[in-house]
Amino acid sequence: MSVPALSIRGLTKVYGNQHQALKGIDLTVNDGDFFALLGPNGAGKSTTLGIVSSMVNKSAGKVEIFGIDIDRNFSLAKYQLGVVPQEFNFNPFEKVEDIVLAQAGFYGIPRKKALSRTRQLLEDLGLSDKREQQARTLSGGMKRRLMIARALVHRPRLLILDEPTAGVDIELRRSMWEYMQRINEQEGTTIILTTHYLEEAEALCGNIAIIDQGTIVKDSSMRDLLAELDVETFLLDTEEPLVQAPVLEDFQIELLDSGQLALAVKRGQHINDAFQQLSQQGIRVTSLRNRSNRLEELFVSLVDHGKEAGGIR
Amino acid sequence: MKYQQIWVAFWTVLVREVRRFMRIWPQTLLPPSITMAMYFLIFGNLVGSRIGQMDGFPYIDYIVPGLIMMSVITNSYSNVASSFFGTKFQRSVEELIVSPMPNWAILAGYIAGGAARGLLVGIIVTLVSMFFTRLDIVHPLLTLVVVVLTSLLFSIGGFINALLGNKFDDISIVPVFVLTPLTYLGGVFYSIHTLPTFWQHVSQLNPILYMVNTFRYGILGVSDISAGWAMGAIIIFNVVLFALALSMLNRGKGIRH
């Protein structure tokens, strides 16, 4: 079996104010994986990735990047790693091309090679015509793509994307997904993604870990995780307005407003049975959609300790 | 990282620093030229002609080395302090932190950038001074070595200030309340022999006195203190401050959680 792209053992972080952000987490990301690290705000995602990328000092534990212990040879480990942080972290007054070129320089890449790689990446990410512009003149989506180009210029084997599509419009988000999938599949780059768009994680990632309050509460393949979903909630739009929710045998159904119902379908139940009962009661459904995406339902149940998992919310 | 790669990385930081201060030359290169031209005109020519000689030299000749050194000190310091604090503020320091570049090379790159601005300003001020007087440099090598070491020293100082600073005010406190008074009291405008004995002893606690006087010794051949002793002290200051800055950088002081 190949060496994991990232291996974390007993990782602990206690900040100066005694806040324990990480409580001894273990995590393995395999070579070539497209991995989602999810969690609510303040759960410990950014701290974990900050330690891996050396922006945060760990309190205890062991981190290996492609088998290289960061405590022994962080310099070598850093060559394997590219980081796209959550916040814009470049000099807005520098030119787009200079930002990427400088990053290549920090990795010791000679200028000629750096220039050719930079131009290729800017081309791939649709920033070629912006290369002479100051970074501050770019739109939010372009700034995100600039940070991706910068993170890839030294051709890392492991790419960390910390909410790369936050604030990006749908069209651009889709094109960024395609680009990320391409570098994962064609170039074999391992990708760790954190995102609050759970449909993004579901669409892209093969494996997933969910972190909450400094602890990994779930670590499995996306398929296995979704198979654990006990209840899916669907929203049904009805043709005629209703005054009260219909009563359906074996199904939990709730009237949200006069023309919309929320139907909970448990694992093993068939949605056709619910439709059949609705038809018998003369209720015609014009459209159907998930209340939230499937991963979101699971996510909420895993990190929401106060409520029973899977019920209608 | 191989040495060749470290060199590329160091050069990248240095070139970026030089480009930065060249891009904003009206803020970085022009003001010291104008300020020093005023000093030469008012204190050197107008007031200086009434003061007479200082240590056997016309007053304008006496203050030119001190004013050149003052420009080098303040510009070296403020270049690194503002540039590195700016990278912290914009978080672009993370570009360096995530890279495999060794901390000593990052530090060296910023120091070299600060020294480059300090020395360039020193050259500009020297050229400006030639409109007011003509100086023959007595000890050219010593002059060059002391000005380079001084610019390096204050670049390191600026780096430490930037590491410790949390807000923009923090990087102006030291130049305004420490550096400027020490420079003015460091023998730029007068020989400490003109002071009462007690204040001569107090002045000797001022490190800038040694730099200004050694530089003046290099140009004019006169000094209030031993040039050899002063050179030793400047080298020791450089080594100690570099070690301190590197240790802070290794611990991630001010830049890592």
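## Confidence in chain B

In this predicted model, strand 1 (residues 53-54) of chain B has the lowest mean pLDDT among the elements of chain B, at 84. Helix 6 (residues 103-129) of chain B has the highest, at 96. Here pLDDT is the predictor's confidence in each residue, from 0 to 100. Helices (H or I, at least four residues) and strands (E, at least two) are DSSP runs, numbered from the N terminus.

Chain B averages a pLDDT of 91, and 100% of the residues score at least 70. For the complex, the predictor gives an ipTM of 0.88 and a pTM of 0.83.

Chain B holds 11 helices and two strands. From the N terminus, the order is α-α-α-β-β-α-α-α-α-α-α-α-α. Its C-alpha trace spans about 60 × 35 × 35 Å along the principal axes.

Of the 257 residues of chain B, 47% count as buried. Buried means that 20 or more other C-beta atoms, placed from the backbone, lie within 10 Å of the residue's own.

## A sheet in chain A

Chain A has an open sheet of four strands, in the order 12-13-11-14, with antiparallel pairing. Its edge strands are strand 12 (252-257) and strand 14 (285-290) of chain A; each pairs on one side only. Two strands pair if DSSP finds at least two bridges between them.

Strand 11 (residues 231-238) of chain A pairs with strand 14 of chain A over five bridges, in the antiparallel sense. A:Asp237 stands opposite A:Ser287 in strand 14 of chain A.

## Reading the model

Residues are numbered from 1 along each chain as its sequence is written, while chains are lettered from A and ligands numbered from 1 in the order in which they are written. Local features need pLDDT of at least 70 and side-chain atom pairs count only at pLDDT 80 or more, but totals for chains, interfaces and linings use all residues.

Note on methods: A residue is buried if 20 or more other C-beta atoms lie within 10 Å of its own, exposed if 12 or fewer, and partly exposed in between; C-beta atoms are placed from the backbone.
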